[in-house]
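User: Please take a close look at one part of this model, the aromatic rings and what surrounds them. Keep it brisk.

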Amino acid sequence: MRARTHAVLAASVVLALAAGPLAAPAFAAPPAPASNSTDRRGPDEEALRAAIAGLPNRYATASLVRVGTPGGDWHGSAGVRDLASARPAHPDARFRAGSITKVVTAATVLRLAAQDEIDLDAPVQGYLPDLFTPDFEQPISVRHLLNHTSGIKPGDGLGDDFAQAYAHRYETLTPQRVAASAIAKGPEDFVPGTRQQYLNINYTILGLLIEKVTGRSYASEAARLVLRPAGMHHTYFPGTGPRIRGPHNRGYQAVERPDGTTRLVDVTEWNQADRWAAGDMISTTGDLERLLTKLFRGEIVPQPELEEMFTTPAGVPDATLSAGLEYQEADGQVFWGKSGARYGYSAFIGGTRDLRRTLVYSVNSTDAKSTARNPVADAITAAALR
C-alpha cells in the first residue's frame, strides 16, 4: 500500500537539496497544503540581482537563474564565460546537469511502466539475470531502484578524490563495468525497501533496464520519451565525448597549492560516461524549466505513474526521495526538486507541485563536489523564495 508524502519548503532546506544528493524514500504521503490562490507576488528582482552580483568570486565564476512565480518570471545571468577572456557569461549556456539526469531517467522508466513494458513491482533480477549473482536472494523491485532503497552497493569509479579523478578525466569507464563492480561487492545487510541510501548505482542499473526492455540505447529512449515531449531541444547525453557542445561557460575547480594559496583548474572537458543515466546529461536552464513545468503538469508521465514522483517510501526512516525527485518543506509549502553537481558545475531544478513557485539555476561552482554549502547557491535560493 502506498501513500503520498508531502513536504514544505524553506530556504535552508532547498539549499540542502541544491548542495547535493541525500537519501531515498519508500511509500507514504500526507495531503498537500492548499495553495493560496490570492498570492500574486512576483519575484524579488532586487534580491535576485544581488544574489548573483559580484561574480566571479572565490565561490563561483558564473551563474544562470530562472524563477517562476504567480506574479511573473525572472531570468538572470552573471559572471564570466571564461577566466581568460572575462567575457560576460552566456545567458543560454549549456552545462553539466549532474544528478538532475535522474529526473529524466525516472520519467523514462515511468513512461515505459505506463506502456506496460516495465512492472515497477517486478524484481529487477528477472529483467537483468546476467547482471545479478546468487548473493542477491532478496527481490529488488524496479521501484526500489527508483527510490534508492535497493541495498545495492556503490560501483567503482576512476578515483576517490579530485586529483585522481582529474588524472583519468579522458578515460572511459562504461556503465556496464560500474554495475558489474557494484554487484560483485554483494548486497547491503538490509532488506530492500527498508532503508534509503542515495547512490548513483540505482540509476545506472535503471539505464541498463531501459536498454534491456526496449532494445534501444538509453539516450535514444530518454530523448524519445522525455526530452522531445518536454521540448528540451538543447539537451543531450555526451556519452564518451569530453566536451560541451555549443555555447557554454567554462567550469573550474579550486585546488590548494603546497604554499596554501589556491589556483583554479579548468575542468570543462571531462569524459563522464560512467555517470550515464545517473548524471551525464548536458542541458540549459531553459530546457530544465520546460522539463519541470511539463512534468509537474502531467504532460510527460501520465497518471497514476506520475504519483511515483511525488511519493516517498512508507515505513522508511527519514525518507525524503521519491522516483527521481526529493521533497523539502517550509513556510507551509511543499517543494519537490533535484540537485546535480559535477566538477565545475552545480545545478538545481524544483518547485511546488502546483508550479506557483519554481527555481532553476546553474552555478559554476569552484568546489561543486564539496559537502559545504555554496554561498552563491544559498543566496539565489533565499532570494527566489522571498
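Analyst: Start with a charge and a ring. The charged end of Arg169 lies over the ring of Tyr166, 3.8 Å from the ring centre. "Over" has a rule: NZ of Lys or CZ of Arg must be within 6 Å of the ring centre and within 35 degrees of the ring normal. This is a predicted model, where local features need pLDDT of at least 70, side-chain atom pairs need pLDDT 80 or more, and totals for chains, interfaces and linings use all residues. Side-chain values use heavy atoms, without hydrogens and water, and residues are numbered from 1 along each chain as its sequence is written.

Tyr166 also belongs to one aromatic cluster with Phe162, Trp270 and Tyr343. Rings of Phe, Tyr and Trp (its six-membered ring) pair if their centres lie within 6.5 Å; planes under 30 degrees apart are stacked, over 60 edge-to-face, and the rest tilted. By this rule there are 13 aromatic pairs. Phe132 and Phe136 form an edge-to-face pair, 5.4 Å centre to centre with 80° between the planes. Trp270 and Tyr343 are stacked, at 5.3 Å and 25°. That pair links distant parts of the chain, 73 residues apart. Trp270 is in the loop between β5 and α10, and Tyr343 is in the loop between β8 and β9. Helices (H or I, at least four residues) and strands (E, at least two) are DSSP runs, numbered from the N terminus.
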